[in-house]
Amino acid sequence: MFKLVTAVSALAASVAAHENHAHDQEPMEGPLKSIWYNTLPGDGGTQADSVFSGISTFGRIQYSPCLTTEAVKYDIAFIGAPFDTGTSYRPGARFGPSGIRQGSRKVRFSGGYNVPLDANPFNSWATVIDCGDIPVTSYDNAYALYQIEEGHNSIMMREPATNASVPGPSKKGKTFPRVITLGGDHTITLPLLRSMNRAYGPITVIHFDSHLDTWKPKVFGGAPTKQASINHGTYFYHASQEGLLRNDTNIHAGIRTTLSGLSDYENDGYCGFQIVEAREIDTIGTAGIIKKIRDRVGTTNPVYLSIDIDTLDPAFAPATGTPETGGWSTRELRTIMRGLEGINLVAADIVEVAPAYDTNAELTTMAAADTLYEVMTLMVKNGPLSEMVKKDTIEAKEVL
């Protein structure tokens, strides 16, 4: 009996001691970490591991729930806007953010070095993270657009990881991080431009698309209510009416849609856009298209880049809301995208990726991911947004 009591007392003392000191314990790292995560010499990349494993973030970069915490700082943030109730034909782009992330799994394969642009966007001065998705209701378009605007603005108007105290190109002279948004149908560009306006004022837009998206609501589906007039074919019309666009510096590229009439082109001009038709690639080539874009937008203005995946021919990107034949190939689009080097891209989106219509080979989601890989590399090569102010100062001195 005495031995039993003694044993019980010893056990109780042991449990009490464990509880008293449990909070002082730290998890131990196993001795075999190098089995899974080797560091390679040279550029400092990690081993080419199993790209089919792990949680899907864009390019398998770090994830942070940015809308619930400001603990992590970044220079470029990816954010999803899963909205598709503004589409006129095939819905499904609410699954675009997750599809694009899935399609981006091998973007960083073997390090992620971009050979044509001679840069590695994953291994540079920039801190790049995936902020997940903005919570978006599918029951109220007006509130959904409000959620997207506020979510984007919260992500964008923070101190970046780099040069936070150095003057930048925003209205208040601050340097902000860049934000790349994964759509969603193209309606999301309106709340994104509203957010951009709060930071930068009226902004220059490069718009890759097969459609104009400047249609007056009465032409594009009518406008029985105020909210019905805002959709993926009219958002640039509203952006123009709201003063969100810089006049005479905006451009469409890849246009090949049918029209209600030539008045659609006239209205497009009133909205401040120049047009590059998709078929022009047959006469002036990718170099000519790049020149038209660069001549139009310049290299001094802050520029917003909006990419509808239907810029690509459906042979290369079938999974989209409103496909149009006669488009560019994936190679041609990526070549044109690289030609934007030196343009001051402050933010971007890619939209209308609807994975349900894709092939088992994930053609569309991979094309979208690879296009954003080029955009991300352009942003990294152009340096922090504070560099815009330096370049403007240097150019002003040269003029004097």
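Colleague: How many disulfides does this structure hold?

Modeller: It holds one disulfide. Keep in mind that we're looking at a predicted model.

Colleague: What makes cysteine 66 and cysteine 131 a disulfide?

Modeller: The cut-off is a pair of cysteine sulfur atoms within 2.5 Å. In cysteine 66 and cysteine 131 the two sulfurs sit 2.1 Å apart, so the pair counts as a disulfide.

Colleague: Why does cysteine 66 count as buried?

Modeller: Buried means under 20% relative accessible area. Cysteine 66 has 1%, so it's buried. Cysteine 131 has 4% and goes into the buried group too. Cysteine 271 is another buried residue, with a relative accessible area of 4%.

Colleague: What about strand 3, why is it described as largely enclosed?

Modeller: Five of its six residues are buried, so the rest of the structure largely encloses strand 3.

Colleague: How do you know that strand 2 and strand 3 pair?

Modeller: Pairing needs at least two bridges between the strands. Strand 2 and strand 3 have four bridges, so they pair, and they do it in the parallel sense. Glycine 80, for instance, stands opposite aspartate 133 in strand 3.

Colleague: And what joins strand 1 to strand 3?

Modeller: Two bridges, again with the strands running parallel. The cut-off is at least two, so this counts as a pair. Here tyrosine 63 faces aspartate 130 of strand 3.

Colleague: How many bridges join strand 5 (residues 204-208) to strand 6?

Modeller: Three, and those strands run parallel. Histidine 207 has histidine 252 of strand 6 as its bridge partner. Strand 6 (residues 250-255) is mostly covered, with six of its six residues buried.

Colleague: On to the helices. How do you know that the span of helix 9 (residues 363-381) agrees with what it should be?

Modeller: At 1.5 Å a residue, its 19 residues should span 27 Å, and the C-alpha atoms at its ends are 27 Å apart, so the two agree. Helix 9 is also largely enclosed by the rest of the structure, because 16 of its 19 residues are buried. Just after helix 9 comes glycine 383, with a positive phi of about 80°.

Colleague: Is tyrosine 113 buried, exposed or partly exposed, and what makes you say so?

Modeller: Its relative accessible area is 37%, which puts tyrosine 113 between the 20% and 50% cut-offs, so it's partly exposed. You'll find tyrosine 113 in the loop between helix 2 (96-103) and strand 3. Leaving out neighbours within four places in sequence, its contacts are Asp118, Ala119, Asn120 and Tyr373. The C-alpha atoms of tyrosine 113 and threonine 377 are separated by 9.4 Å, with the two residues 264 apart along the chain.

Colleague: Why is serine 170 called buried?

Modeller: Serine 170 has 7% relative accessibility, under the 20% limit, so it's buried. Its place is in the loop between helix 3 (141-156) and strand 4 (178-183).

Colleague: What makes serine 170 and lysine 174 a polar contact?

Modeller: The limit is 3.5 Å. A polar atom of the side chain of serine 170 lies 2.8 Å from the backbone nitrogen of lysine 174, which falls within that limit. Beyond four places in sequence, serine 170 is in contact with Phe176, Ala199 and Tyr200.

Colleague: And glutamate 280, what makes it buried?

Modeller: Its relative accessibility is 16%, under the 20% cut-off, so glutamate 280 counts as buried. Glutamate 280 sits in the loop between strand 7 (273-277) and helix 7 (281-297), and it touches Ile275, Gly285 and Lys292, not counting residues up to four places away.

Colleague: Last one: what pLDDT does the protein chain average?

Modeller: The average is 89, and 85% of the residues score at least 70. Over residues 1-5 the pLDDT is below 50, and the model shows zero contacts for this stretch beyond near neighbours in sequence. Residues 17-23 stay under 50 as well, with one contact beyond four places in sequence.

Technical notes
Residues numbered from 1 in each chain as written. Heavy atoms only, no water. Buried < 20%, exposed > 50% of the residue type's maximum accessible area, 1.4 Å probe, protein only. pLDDT = per-residue confidence, 0-100. Contact = heavy atoms within 4.5 Å. Expected span 1.5 Å × (residues − 1). Polar contact = N/O pair within 3.5 Å; in protein donor to acceptor, adjacent residues only side chain to side chain.
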